[in-house]
Amino acid sequence: MAQDFYIQQMQAMVQPMRDELTRVGFEELTTPEEVVEALEGKGAKGTALVVVNSVCGCAAGLARPAVVHSLEHDTKPDHLFTVFAGQDKEATAKAREYFEGYPPSSPSFALMKDGKVVHMIPRHEIEDRSLEEISANLTGAYDKYCG
């Protein structure tokens, strides 16, 4: 009974963090099957941005606001996906299998083109940077790989 209450409380706490991305067009992937369907199906052609979301302070103060800001840019990825580290563990682990050569990092951004990572922004490139610097990193990658 206490475990169920804890799970409900955690879900209520992270829902606004999920909503911050889904309300601007990100598709939330919560199971490994959804990840495979997204990244090998509709996201396999063109460009896809995958955000590894998390509850940490740099996700709240920097990562999510920067990625939302970056989507105001004229050039954008074809597909927007997100997984939530620490919440949807199996989906996150599955998504990270597609980030070959990059260690697990949350929050992080993976820009994929035709199913392969072409630009990765791990946590250490998010921390101690301004929202504008992170957004510029993303939009620079959009200009290079999208469109």
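**View 1. Arg18 sits in helix H1, which covers residues 2-22.** Helices here are DSSP runs of H or I with at least four residues, strands are runs of E with at least two, and both are numbered from the N terminus. The model is predicted, so local features need pLDDT of at least 70 and side-chain atom pairs count only at pLDDT 80 or more, while totals for chains, interfaces and linings use all residues. Residues are numbered from 1 along each chain as its sequence is written, and side-chain values use heavy atoms, with hydrogens and water left out. Arg18 has a relative accessible area of 11% and is therefore buried (buried is under 20% relative accessible area, exposed is over 50%, and partly exposed is in between, with a 1.4 Å probe and protein chains only). Which residues does Arg18 contact, leaving aside its neighbours within four places in sequence? They are Glu28, Thr30, Asn53, Phe84, Gln87 and Asp88, where contact means heavy atoms within 4.5 Å.

**View 2. Arg18 and Asp88 form a salt bridge, and their closest N and O atoms are 2.8 Å apart.** A salt bridge is a side-chain nitrogen of Lys or Arg within 4 Å of a carboxyl oxygen of Asp or Glu. Arg18 belongs to helix H1 and Asp88 to the loop between strand S3 (79-84) and helix H4 (89-97), so this pair ties together parts that are 70 residues apart in sequence. Are these two partners buried or exposed? Both Arg18 and Asp88 are buried.

**View 3. Glu20 and Arg64 form a salt bridge, with 2.9 Å between the closest N and O atoms.** Here, too, distant parts of the chain are linked: Glu20 is in helix H1 and Arg64 is in helix H3 (residues 57-70), 44 residues apart. Arg64 has 3% relative accessibility, so it counts as buried. How many salt bridges does a search of the whole structure find? The search finds five.

**View 4. Glu127 and Arg123 form a salt bridge, the closest N and O atoms being 2.9 Å apart.** Glu127 is partly exposed because its relative accessible area is 29%. Arg123 is partly exposed as well, at 28% relative accessibility.

**View 5. Helix H2 (residues 32-40) packs with H4 at an angle of about 35°.** Two packed helices are described by the angle between their axes and the distance between the axes. For H2 and H4, the axes are 7 Å apart and the crossing is right-handed. The axes are lines fitted to C-alpha atoms, for helices over the stretch in contact, and angles run from 0 to 180 degrees between N-to-C directions. A crossing is right-handed if the near helix is turned clockwise from the far one by less than a right angle, and left-handed if anticlockwise. Which residues of the two helices meet? Pro32, Val35 and Val36 of H2 meet Glu90, Ala91, Lys94 and Ala95 of H4. By class, this contact has five nonpolar, no polar and two charged residues. Ala, Val, Leu, Ile, Met, Phe, Trp, Tyr, Cys and Pro count as nonpolar, Asp, Glu, Lys and Arg as charged, and the others, Gly among them, as polar.

**View 6. The backbone has a cis peptide bond from Ser106 to Pro107, with omega near 0°.** Most residues other than glycine have a negative phi, and most peptide bonds are trans. Pro107 is part of the loop between H4 and strand S4 (108-113).

View 7. Asp114 lies in the loop between S4 and strand S5 (116-121), and its relative accessible area of 46% makes it partly exposed. Asp128 lies in the loop between S5 and helix H5 (131-145), and at 81% relative accessibility it counts as exposed.

**View 8. A search of the whole structure finds zero disulfides.** A disulfide is a pair of cysteine sulfur atoms within 2.5 Å. Cys58 is in no disulfide, as the nearest cysteine sulfur, that of Cys56, is 3.4 Å away. Cys58 is buried, with a relative accessible area of 10%. Cys146 is also buried, with 7%.

**View 9. Val55 lies in the loop between strand S2 (47-53) and H3.** Val55 counts as partly exposed, at 42% relative accessibility. Not counting residues up to four places away in sequence, Val55 touches Val14, Met17 and Phe84.
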